[in-house]
Amino acid sequence: MESINPILLIASIMVSATPILLAAIGETVVERSGVLNLGVEGMMITGAVVGFAVAVNSGSPGAGFAAAALASAVLSLSFGVLTQLLLSNQVATGLGLTLVGLGLSALIGKPYEGMKSPTLPKLDLGPLSDLPILGRILFSHDIMVYLSIALVAAVWAVLKFTRAGLILRAVGENHDAAHALGYKVVRIRLMAIFFGGACAGLGGAYLSLVRVPQWTEGMTAGAGWIALAIVVFASWRPWRVLIGAYLFGGVTVLQLNLQAAGADVPVAILSASPYLVTILVLVIISARGVHGAPGSLGRPFHPGL
Amino acid sequence: MNRRTLLASAAILAAAPAFAQDDPVKAGFIYVGPIGDGGWTYEHNQARLAVEEHFGDAVETVYQESVPEGADAVRAITQMALSGADIIFTTSFGYMDPTMEVAAKFPDVKFEHATGYKTADNVSTYSARFYEGRAIQGHIAGSMTETNKIGYIASFPIPEVIRGINSAYLHASKVNPDVEFSVVWAYTWFDPAKEADAARALIENGNDVILQHTDSTAPQAAAQEAGDVITFGQASDMAEYKPQPRVSSIIDDWAPYYIDRVQAVIDGTWESQQVWHGIDEGMVEIGEITDAVPEEVREEALALKEEIASGEYHPFTGPINRQDGSAWLAEGETADDGTLLGMDFYVEGLTGEIPN
């Protein structure tokens with residue numbers, strides 16, 4: 001058995017975790033505002049195709065990411081309008097959003113199959129990147145890896161320390177009380193949905209522009225559902241979302257690397273392990289009786305009353 | 001299902017025989033991935049389109065893509081049978097038991113299951129001898145590797161996949177005795193991100209040839225990014241990645257078979273059978289061998305293809321031992337189809353274990 005290069009392994013894990021981390025942190029904000037959007041998969045794949053198409057046409061991966069965020073956010077607003085203004089069922093509408101995203105992306109992506117996109121360059125942080133070992137592990141990734149971690153920190157700080165975060169949480173915990181206090185529940189939730197859509201779009205674009213990198217129909221292959229599971233796994237807390245995403249990405253990449261290195265590993269168990277861990281965590285939190293779920297999660301809000 | 005839809009479907013079932021003569025024959029297809037995967041499902045869908053073009057208005061086709069293998073497949077196949085399909089092609093190994101289950105409930109519908117081994121009066125199986133193409137890939141891979149390390153992205157530990165690994169290894173080690181195979185089991189047919197991760201893990205471990213038995217072009221993209229790596233198109237030509245990394249390919253051509261079977265349904269001559277076609281019949285095609293391959297290797301590969309097509313040479317010709325060193329095929333003996341169809345062991349020289 002050959003040894004695995006830990007530096008390359010960690011770099012691979014970060015690349016593998018970033019798409020689900022981006023999508024999951026966005027969904028965390030959405031769910032903390034009391035909305036359950038099951039359309040993450042549809043928004044991710046829309047981001048993947050729009051990001052790829054724009055990057056190919058403009059030659060700029062940055063423009064691709066921006067367009068992906070915008071496109072998915074706009075798509076998520078259709079979910080917002082349906083569930084918040086027209087009070088449709090959130091679960092059904094979210095599933096519908098996934099179906100729409102998958103179909104729409106297949107249509108948009110047809111001309112882009114087999115094309116190459118400009119890749120996102122690794123950041124050169126000067127002397128930091130040249131540090132032995134640490135430089136390679138910490139300071140030589142592309143900008144989206146850092147952005148995704150910064151986003152987690154920002155979401156955590158906003159939710160915990162700012163008035164805006166407090167209002168968002170209030171809306172999510174008890175929308176009637178928040179409404180009685182004069183907060184615009186629907187408007188706040190629409191903003192959260194928009195943010196969640198943008199994050200999912202970035203995650204999707206990271207798949208098609210960095211991780212694979214190419215456009216293939218249906219390429220998210222369930223990543224959006226994993227992001228949803230991670231939010232629950234993390235009991236709706238930002239830093240735990242980070243841990244969940246890295247754990248998930250880590251196990252996947254680690255077992256592939258172990259196999260490639262010729263280690264004798266129980267492949268079937270390792271492939272299933274992230275799902276098993278999620279179930280275990282769910283059992284533990286429900287056994288403790290404290291779910292951490294926002295009080296108004298998934299419940300319709302009727303402002304007229 | 002509520003009472004109203006139940007009644008409606010019962011009514012359709014009752015009405016169906018009366019219209020059978022005038023209606024176009026309806027052919028259904030169940031796909032494991034999206035039709036735009038660029039590989040396996042893409043080729044099955046191309047064959048479906050060929051059926052439409054061949055028969056025109058006489059045949060109507062329907063398909064459902066990305067149907068998970070297992071219980072969900074039962075629902076999808078049942079739905080297709082209820083909607084009036086006369087013949088249903090289920091195009092992945094994992095649909096075997098679901099196909100048998102649904103077929104038992106619809107004795108008048110014909111079923112065609114790809115790559116499986118279970119049949120019934122109204123269930124046929126069909127597959128291609130991909131291992132013939134794998135022999136040619138193995139020959140090119142063994143000749144061209146510089147690190148003597150060849151990576152293989154496998155999907156599930158089923159006979160079809162194990163056959164491919166064995167065939168590729170036998171022919172790679174024949175031209176290059178130092179060659180080593182690293183097999184990574186992805187446990188998926190289609191997940192571009194995971195396939196790319198697997199390719200990257202293999203490349204980082206020093207493999208400079210990547211063979212894949214998964215359906216998307218993602219490993220090709222990962223190899224292209226890495227640079228000095230060669231790959232082979234799987235199930236489809238994957239011509240976008242020519243001339244390198246993709247230096248050749250196995251192309252599955254299902255169209256003649258599909259047209260033939262739909263014609264049999266129209267004529268009323270359809271019978272249950274087990275079909276296993278190879279290079280000779282054209283079900284397995286070898287895609288263009290590009291300039292990235294040295295001329296002599298190219299010629300050897302084409303000669304090998306001719307020998308296999310003419311039946312002069314069988315890719316599993318003894319002496320071949322099993323991985324544990326026990327004898328499998330004696331000198332000059334060729335493998336019988338029964339053993340090949342149920343192959344669950346590695347040949348001697350391969351390292352690692354086949355997961356259960």
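Among contacts in chain B between residues at least 6 apart in sequence, what percentage join residues at least 24 apart? In this predicted model, the value is 66%. For chain A, residues 24 or more positions apart account for 78% of the contacts with a separation of 6 or more.

Chain A is built from helices. It has 13 of them and zero strands.

One helix of chain A can be followed in detail. Helix α12 of chain A covers residues 238-260 and has 23 residues. From its first C-alpha to its last it reaches 33 Å. That is close to the 33 Å expected at 1.5 Å a residue. Just after α12(A) comes A:Gly262, which takes a positive phi of about 85 degrees.

The C-alpha atoms of chain B fill a box of roughly 65 × 45 × 40 Å, taken along the principal axes. Of the 356 residues in chain B, 51% are buried.

An unreviewed UniProt entry assigns residues 25-312 of chain B to "domain: ABC transporter substrate-binding protein PnrA-like". Over residues 25-312, chain B is 42% helix and 22% strand. The end C-alpha atoms of this stretch are 40 Å apart.

Chain B also contains an open sheet. Six strands form it, in the order β7-β6-β8-β9-β10-β12, and the pairing is mixed. Strands β7 (180-185) and β12 (284-287) of chain B stand at the edges. Each has a single partner strand, so one side of each is left without a neighbour in the sheet. From one strand to the next, the twist averages 20 degrees.

Strand β6 of chain B, residues 149-154, is joined to β7(B) by six bridges, and the two run parallel. Within this pair, B:Gly151 stands opposite B:Ser182 of β7(B). β6(B) also pairs with β8(B) in the parallel sense, over four bridges. Here B:Gly151 stands opposite B:Ile210 in β8(B). β8(B) in turn pairs with strand β9 of chain B, residues 230-233, in the parallel sense over two bridges. The bridge partner of B:Ile210 in β9(B) is B:Thr231.

Strand β8 of chain B, residues 209-212, was examined for burial. In a regular strand the side chains alternate between the two faces of the sheet. In β8(B), both faces are covered. B:Val209 and B:Leu211 lie on one side, B:Ile210 and B:Gln212 lie on the other, and all are buried.

Methods. Residues are numbered from 1 along each chain as its sequence is written. Chains are lettered from A and ligands numbered from 1 in the order in which they are written. This is a predicted model: local features need pLDDT of at least 70, side-chain atom pairs count only at pLDDT 80 or more; totals for chains, interfaces and linings use all residues. Two strands pair if DSSP finds at least two bridges between them. Axes are lines fitted to C-alpha atoms, for helices over the stretch in contact, and angles run from 0 to 180 degrees between N-to-C directions. UniProt positions are given in the numbering used here, feature names are shortened, and annotations may be inferred rather than shown by experiment. Two residues are in contact if their C-beta atoms, placed from the backbone, lie within 7 Å. The expected span of a helix is 1.5 Å times one less than its number of residues. A residue is buried if 20 or more other C-beta atoms lie within 10 Å of its own, exposed if 12 or fewer, and partly exposed in between; C-beta atoms are placed from the backbone.
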